[in-house]
Amino acid sequence: MTIRVHNDLTGKKEDFVPLRPGRVTFYLCGPTVYGRAHIGNLRTFVSFDVIRRYLRYRGHEVTFVRNVTDVDDRMIKRSQERGITIDELATQYIELFETDQRSLNILPPEVAPRATAHVPEIIGLIERLLQKGLAYEADGDVYFSIEAYPEYGQLTRQSLDEMQAGARVEVNERKRHPLDFALWKRQKPGEPAWNSPWGPGRPGWHIECSAMAMKYLGDTLDIHAGGIDLLFPHHENELAQSSGVTGKPFARYWLHGAFLNFEGEKMSKSLGNVFDLGELSRRYDPEVLRFFYLSVHYRSPLSLSDELLQSARSALERLKNLQDNLRYQVEHGALQQVTPDEADLLSRLGEYRRRFIEQMDDDFNSAAALAVIFQLTREVNLLVARGGSAELARGVLALFDEWAGVLGVLQTGPNPITDAEVEALVTRRQEARRAKNWSEADRIRDRLAAQGIVLEDTPQGVRYKRK
Ligand code: AMP
Ligand code: ZN
């Protein structure tokens, strides 16, 4: 079975085939840290956390990079209002973002690079664009020239006229074409600036993601993701800059998450209809919010309302009650014989497991995967009501733990590495050893060791133990 993903580059659902088998490179555009993230932003971060967890569950080793945008107009304005540096502002909101990340059980990325720590890489990329004739300098600014790049528009598959109508293009007499965009912005009075071959200034927004994605993940990534508003112009521009420089595809799969709406409109700071997690968690556990996000497919819009949050809360409670009952049963049902009905269900747990995978393989359909969990819950509840065996309880709980590790809800312990992940890594280490690629084999061993997995090479093969 292969994972199928909806790729916005082609507009189609496709088989997911990473560039290097078993190893996925994944870049997600991260927060702009001029204020606390709202729960609309957080929907996007949870959606891609589930996708990342699922890829791991299916045996891929995922390197996940999520940047921090710590310089832009909003950062500068807010820091000036507050009389602090953009660095102080960023530090404050990065901490808050990390707190929200923990509350929502979003796994931290492997790398969380900050734009301002990558100015040399950004300048290097702009220089290459200038050398290739894809960019031009104008009075201390540098712009990408879309007319010099005929493939411009390949991600959104639109004509220049359509793009111009769809974008809020910045009017600026220094630009040769209205859709040209800034790679480097010269310093305005009172603004923070870095030295560059074009004088003091700061990077444009799009170029920061290209520079950081390619630095940490290589010229061609497997997955590039963000909220749907980033599709155009941000991702179109990232693609043009990156492929323009390397001549290679920039990302094989482009994934975009739909909005969280409130009262019929996108939740957004500029509309003023936002809630943050601090406000929401006075009434709902963050786990309820995460569960609510999962109740629809990540590409479908979701409307926030008290009614829906309350039904998410009671649905989650039903699942947690079952877990509690089963735990009780493990402790007290040791003498209980497995009934024929239970034996039948035990023999079908693998089928439930397969159906969950089938739904998640279908473009990470968490809503349909939850329906599978609820179906099992109904079946088990009927059996538990008649008093059940420890064996059944153990079997169902183990399956719930597996699902919890993917969805990031219903988890009873910390995020452990699953057996499937360990086995996939052990197999790859074996392959590396057969190919005499000792450094790769050691790297995998160290990676496992960091997660408390100890490997033992025995004459019968490799065994592993959890510390
Ligand atoms: P920002 O911090 O503004 O750069 O946004 C961070 C992420 O949140 C981006 O991927 C946006 O696409 C996403 N985003 C913004 N508003 C919403 C919303 N209402 N629902 C879902 N995602 C959103
Ligand atoms: Zn980006």
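Predicted model: local features only at pLDDT ≥ 70, side-chain atom pairs only at ≥ 80, totals over all residues.

**Stop 1: H4 and H7**

Select H4 and H7, which pack at an angle of about 65° with their axes 10 Å apart. H4 and H7 are therefore roughly perpendicular to each other. On the H4 side, the contact is made by Leu 125, Arg 128 and Leu 129, and on the H7 side by Gln 241, Val 245 and Thr 246. The crossing of H4 past H7 is left-handed.

Stay with H7 and pick out Pro 233, which has its place in this helix. Check omega for the peptide bond from Phe 232 to Pro 233: the bond is cis, with omega near 0°.

**Stop 2**

Turn next to the angles. For four tetrahedral donors, the ideal angle at a metal is 109.5 degrees.

Are Cys 209 and Glu 238 buried or exposed? Cys 209 counts as buried, at 0% relative accessibility, and Glu 238 is likewise buried at 0%.

**Stop 3**

Select H10 (residues 306-332) together with H12 (residues 366-385). Their axes lie 11 Å apart, and the packing angle is about 45°. That makes H10 oblique to H12. From H10, the residues in contact are Ala 315, Arg 318, Leu 319, Leu 322, Asn 325, Leu 326 and Gln 329; H12 contributes Ile 373, Phe 374, Thr 377, Val 380, Asn 381 and Val 384. H10 and H12 cross in a left-handed way.

The axes of H10 and H13 come within 8 Å and cross at roughly 140°. H10 is thus oblique to H13, and this crossing is left-handed. Residues of H10 that meet H13 include Leu 319, Leu 322 and Leu 326, while their partners in H13 include Ala 393, Leu 397 and Phe 400.

**Stop 3: a few loops**

Move on to Leu 410, in the loop between H13 and helix H14 (419-434). Its phi is near 65°, a positive value in a residue other than glycine. Leu 410 is buried, with a relative accessible area of 4%. Then select Asn 105, in the loop between helix H3 (86-103) and helix H4 (119-131). Asn 105 is not a glycine, yet has a positive phi of about 60°.

Asp 363 comes next, in the loop between helix H11 (340-361) and H12. At 3% relative accessibility, Asp 363 counts as buried. Leaving aside neighbours within four places in sequence, Asp 363 is in contact with Arg 4, Val 5, His 6, Lys 13, His 297, Tyr 298 and Arg 299.

Finish the loops at Ser 145, between strand S6 (141-144) and helix H5 (160-166). Ser 145 is buried, with a relative accessible area of 7%. Apart from neighbours within four places in sequence, Ser 145 is in contact with Leu 134, Ala 135, Tyr 136 and Asp 180.

**Last stop: Lys 77**

Select Lys 77 in helix H2 (residues 73-82). Lys 77 is exposed, with a relative accessible area of 54%. How far apart are Lys 77 and Glu 191 in space? Their C-alpha atoms are 9.2 Å apart, while in sequence the two are separated by 114 residues.

How values were computed
Residues numbered from 1 in each chain as written. Chains lettered and ligands numbered in written order. Heavy atoms only, no water. Buried < 20%, exposed > 50% of the residue type's maximum accessible area, 1.4 Å probe, protein only. Axes fitted to C-alpha atoms, helices over the stretch in contact; angles between N-to-C directions. Helix = DSSP H or I, 4+ residues; strand = E, 2+ residues; numbered from the N terminus. Parallel < 35°, antiparallel > 145°, perpendicular 65-115°, else oblique. Left-handed = near helix turned anticlockwise from the far one by under 90°. Contact = heavy atoms within 4.5 Å.
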